Amino acid sequence: MTPQQPLTLEQLTQAHNLAVLAPELSLTLFALAVLLAGAFFPDAAQRRLLPLLALCGVAVAAAGTAALWNKNQVFGPPDSAVYVADNFALFFKWIFLIGLGVAILISGRFLDPRSGDSHTVIGEYYGLMMLSTVGMMFVSGGRDLLVMFLGIETLSIALYVLAGFARRRLMSNEAALKYFLLGAFASGFLLYGIALVYYAVGSTAFPQIAEVVAGGPTRSPQISPTILYLGLALLVIGLSFKAALVPFHQWTPDVYEGAPTPVTAFMAVGAKAAAFAALLRVLPGAFGAVSALWHPILLAIAVLTMSVGNIVAITQDSLKRMLAYSSVAHAGYLLMGVLAAASANRQIPPQSDAAQNATAGVMFYLVAYALMNMGAFAILVYLENARANNAVASEIARTGSDSADSEDANIRVDELNGLAWREPLAAAAMTVFLLSLAGIPPTAGFFGKLYIFREAMGQGLLGLVLVGVLNTVISVYYYLRPVVAMYSQPSGAADAPLVSSEGALGAAGTGAAGALRATSFSLSVTLAIVLCAVAVIAMVVLQAVVFPWAHEASAIQASSQVTRL
Amino acid sequence: MPLYLIVLLPLLGFVVNGLFGAKIKKPLPGVIASLAVGAAFVVALLRVLGLSAGNSATADEPNRIVETAYTWMNVGSLRVDVSFLLDPLSAIMILVITGIGFLIHLYSVGYMQDDHNDPEGRLYARYFAWLNLFIAFMSVLVLADNYLLMFVGWEGVGLCSYFLIGYWFKREDAAEASKKAFIVNRIGDFGFLLGIMLLFTATGTLRYFGTGDSPGALDGMAQNAQNFNAGTLGMMGGITLITLLLFVGACGKSAQIPLYTWLPDAMAGPTPVSALIHAATMVTAGVYMCARSSALFEAAPDTKLIICIIGALTALFAGLTALAHNDIKKVLAYSTVSQLGFMFMGIGAGAYVAAIFHVFTHAFFKACLFLGAGSVIHALHGEQDMRKMGGLAAKMKATNITFLLSGLALAGAAPLAGFFSKDEIIAEVWKVQAFAPIYQIIGVVALVTAFITALYTGRQYAQVFGGKPRDEHLHEHAHESPPVMTIPLWILAAGAVVTGFFGVPHIPGVPEQLHAFSNWLSPVFVERAGEAHASADAAVHGAEHPVNWALLFLGGAIGWAGWFLGRAMGLRDGARAVLPGSTSRLSLDALYNATVVRFGFALSAALRWIDEKIVDGFVNGVGVFVGQVSAALRLTQTSFVRNYALGMALGAAIIIALLAVR
Amino acid sequence: MPTTYYLAISAVLFIIGVLGVLVRRNAIIIFMCIEMMFNAANLAFVAAARDLKQMNGQVFVFFVMVVAAAEVAVGLAIIVALFRNRESVDVDEVNLLKY
């Protein structure tokens, strides 16, 4: 390795093309604007203005991402650029923006003063969510372990705060504390792994790591490969935590359950996608040459993740906790795609075509997962809103004041009983999301699984596919429970209906001021649900558009490694 | 008229009824749905007539039409079109689906008119919406020109079946049965999906037949066979593995051992649904799929033997179980399982024409039996216990005659439809040359099962319609169903009488027109391995005639004998049910009691016990087991941060040990 | 001194940090142990940078310090919020969410 030549200031400004950072920069600027606006406007105005401003940020960032598509620009001199805007990164940025956009839409009631947190700071809520998204973007675009680490920390630290945003609620406190302590613990592993890899390889940039590992595996014979492998192991551990893979998943159910539901939705989609962007870049990418070492380990992790996630989800009664376990299980399916990509790269000669297909499968699955999961959580928010409204209405009827503490335990599956009668469209949308999560054809989730299973099968990972298939069978059971509940009659008066017979939109219509406000954020939640449902269905019909798009995005990722090797 | 209209019309009915059904007054949603399916039938009929007009099929130029509606996905090696295939096989299936589907829609208009489970009629439109969606997906299943599209239809009909079984969701059994049907079917479906993916790995395509220079998955099996047996796939069993996986899928959908348990439970749905989905169409999808893949199955003789054995076991087992049931629909359900077993015997023997012929005739007489049973249940205000029926012949003339005709057809009484199709399968099983001894044993089993079939059918008829009324109150109020229900019964009964004559066995002296079915269908299938034109050139193989004639007479005799024996049983049985302990004075009865009844009923009661406790218990037990594992595993989620950190540290230690310490 | 010595010390620090996280019950002390893990990594970075004669590794340390500072700010805020609700920072008492 030759020591890098110092650059002059002029060279620096020429080489460092700020346009590459357009999505990140615009989102950061809007986040700051949201924070500032939160400081200057009165509460009522904030509630209307800030989500709009945040959504504008999403739109501008999405436009910036679109403008960079296929440009394949890098930040810095092409050889040593640590930050790139290849299609791979841009595709992931869209996934993050989907998550952010829907999360903003469904956050309305949570920020309502009567949700138990009268001093909730709206500006900080949206600002943190946007900054967390910036962190995710840095993970997807980073071609360097350190950039990846900084991205992960940016997204995580913001999420620690968001998980505990309902400061008065013990469950939210608990979620934040657990997420924070365990997350920082995992970051420690990750960081130490980076340090060891840096020592063994002499660089933290992925292309250099790939080069040295393929040749060495360390930079000089004096340095034992053990140090590199130790570093790799620690990296795997740290990333596994972020992706919630077994046995590093235990925080997931607790944190997902305790965090405010919109935050859970955002976390389940964005953080997971970011973790897989990192896994795809690090494992089949930088450490592809030693995949024989880590492949069996991750194979075992994938089997465990799918099985534990699905099996434990069966006995969950809280819908939110069930979705948390389901998200663990989905990480297992996704990991299967990563493994297929690595296997394909390992063949002699490397089947870069198959590797690309597998990567594209993971990315397609992530889009489907983002949409159906956000949709399911949006329904959950919708139901929680309805319940809170009913509670408020009954409180007003009883005492004439609207000081109801509507924040209580999570929605149970059997509370969905008869939803199809009161809210046929919400029930239909939830059915679409759940069937898609279960992977029943011809839903988006099915095609995601099909693409991943097919590539895994093509690489001879038949055992893994069998486990995946069996797990899918198991998962049908718990995804079907809410569907069965929704389409059956409420079992007597003991179950207070979540949604009154007039529906949530007209619920609590006894003239309370709360009803009006409920309507205004019910609208945005409804919008989110409709958007997700339409997108999930459109993904099925437009296979010929969406998959090639993911395929194109994964092509850049694969070829950038090949040229470096 | 494009083929996709056949799918689109019922889909349109589904959309209309799904969106506006709740606002339309009662009979109208049913009329809309019936019209949609009727129109689809007309389109299908016109297209099939067009197909048969151009019928000049040769091996080089098969008689088939492929129409691409939409390119669904096109990614590298994977290209899937939404395109539809019309050939003699799918022509027969689509005519059965839309034709019998139309009749059952019509019947449903009357049947669901006053639904005592849903007095307000809030569900009425939903019923027809699902029924229409079912027809649409079923049409996709049979018209698809590739396995993935077929799978979409396959899952779609499963979903509709789930919603229709659970249609009366207020009833606990209906909700449970629908869930069970759905989950048991998933097991089969994923076997099927694995099979499809392996097939794709081996052949690089999912289309059945290629166009131009790109061969399909079922073309050129001679070359493909090498692909199948090369590399990893070859080590895992190659084509045998693929066909077995496909058969696992068929097992789930077509209710074969061990995945049949959902079908008897599925009777919790409305009776027309049982007739359409669980007798005439959906459950035969597995048979259709195997017949469609005949090129694959012919290359895998081991799989065929397994299929034949499982089919025979299922047929025998379910037939015996049917004898022990007293619920009018349960008997028919087990009978369906048993008849599906016969169809798979045909598949396993490589007699695809015979199997599809049985699908065809069975669709008529079993749909008629179910609808007749529905008419009876309708007349008796929901009573399904045959021990409370009896003497209905005088009260319900149309139902009685149609039930009798289709019952005789099911029993295999010559010369009704079931006689010809069942006999054809048994004859074909006898003729198989590979593994001949095993196939001959299966042939004997098939004959025995045919006898049992006649027994329980005769018993059922006698219990329901014969003898004296056993529950006067029920009998008082019984009434014939309205014409909208009896007209479909008459049409189906006519089918049960005449369809057999399309497939008279190939014996000298029979005019060519009476082989219409096999002449129409046989070009679709590859020749049975090691056998050149065995059935077509029967004249050359003179030695077969005695066997054929013998079987024919044996089959006819078995049918009639079983029927009358069963009828006597039913009359006696019914009498005993009301007056327990009374001994019959008929000497014939005493003979039955001493031999057939005592032993036979003991056996079938034992089988019923095995069915309910062991097989069902196993299927349920797996669920319970997974549930217990789940309950145990969730306890690891202790809520203590330090435990989670410890879990992470242990996981980390293991990963470090595996990766770095070596 | 060879670089491996520094690495050995950093490994010891790291392991002490991990064990501290596992055995302590006070949230603040657990957090301090995590900081120790971070500092172990910092030491490894500096040692590696010296071995490689690069500045990169030393710059990394600054980044890590910034991250650690941010985590301190957030972490202490979370712990304070918890303390205000529960009047305790014992992590074993935080056990509402389970199974």
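## Contact between chains B and C

In this predicted model, eleven residues of chain B are in contact with ten residues of chain C. On the side of chain B that touches chain C, helix H25(B) gives the most, with five residues. By class, that side of chain B has six nonpolar, three polar and two charged residues.

## Contact between chains B and A

Chain B also touches chain A. This contact takes 55 residues from chain A and 46 residues from chain B. Five elements of chain B each supply at least two residues to the side that touches chain A: strand E1 (65-75), helix H5 (147-165), helix H6 (172-203), helix H24 (587-634) and helix H25 (641-659). Sorted by class, the side of chain B that touches chain A has 30 nonpolar residues, eleven polar residues and five charged residues.

## Chain B as a whole

The secondary structure of chain B consists of 25 helices and two strands. Chain B has 662 residues, and 58% of them are buried. Of the contacts in chain B with a separation of 6 or more, 81% are between residues 24 or more positions apart.

## A helix pair in chain B

Helix H14 (residues 301-323) and helix H15 (residues 328-348) of chain B pack with their axes 7 Å apart, at an angle of about 160 degrees. Angles over 145 degrees count as roughly antiparallel, so H14(B) and H15(B) are roughly antiparallel to each other. Their crossing is left-handed. The residues of the contact of H14(B) with H15(B) divide into 15 nonpolar, eight polar and one charged.

## Loop residues with particular backbone geometry

Two residues of chain B, neither of them glycine, have a positive phi. For B:Ala255, phi is near 55 degrees. B:Ala255 lies in the loop between helix H9 (239-253) and helix H10 (262-265) of chain B. Is B:Ala255 buried or exposed? A residue counts as buried if 20 or more other C-beta atoms lie within 10 Å of its own; B:Ala255 has 30 other C-beta atoms within 10 Å, so B:Ala255 is buried.

For B:Ser639, phi is near 85 degrees. B:Ser639 is found in the loop between H24 and H25 of chain B. B:Ser639 has 18 C-beta neighbours inside 10 Å and counts as partly exposed.

Chain A has a cis peptide bond, from A:Val246 to A:Pro247, with omega near 5 degrees. A:Pro247 lies in the loop between helix H9 (225-243) and helix H10 (251-258) of chain A.

## Chain C as a whole

Chain C has three helices and zero strands, and from the N terminus on its elements run α-α-α. For the 99 residues of chain C, the globule rule gives 13 Å; the radius of gyration is 17 Å, well over that value, so chain C is more spread out than a compact globule. The C-alpha trace of chain C spans about 50 × 25 × 25 Å along its principal axes.

Buried residues make up 38% of chain C. Among the contacts in chain C with a separation of 6 or more, residues 24 or more positions apart account for 47%.

Conventions: Residues are numbered from 1 along each chain as its sequence is written. Chains are lettered from A and ligands numbered from 1 in the order in which they are written. This is a predicted model: local features need pLDDT of at least 70, side-chain atom pairs count only at pLDDT 80 or more; totals for chains, interfaces and linings use all residues. Two residues are in contact if their C-beta atoms, placed from the backbone, lie within 7 Å. Helices (H or I, at least four residues) and strands (E, at least two) are DSSP runs, numbered from the N terminus. Ala, Val, Leu, Ile, Met, Phe, Trp, Tyr, Cys and Pro count as nonpolar, Asp, Glu, Lys and Arg as charged, and the others, Gly among them, as polar. The radius of gyration is taken over C-alpha atoms; the globule rule is 2.2 Å times the number of residues to the power 0.38. A residue is buried if 20 or more other C-beta atoms lie within 10 Å of its own, exposed if 12 or fewer, and partly exposed in between; C-beta atoms are placed from the backbone. Axes are lines fitted to C-alpha atoms, for helices over the stretch in contact, and angles run from 0 to 180 degrees between N-to-C directions. Angles under 35 degrees count as roughly parallel, over 145 as roughly antiparallel, 65 to 115 as roughly perpendicular and the rest as oblique. A crossing is left-handed if the near helix is turned anticlockwise from the far one by less than a right angle, and right-handed if clockwise.
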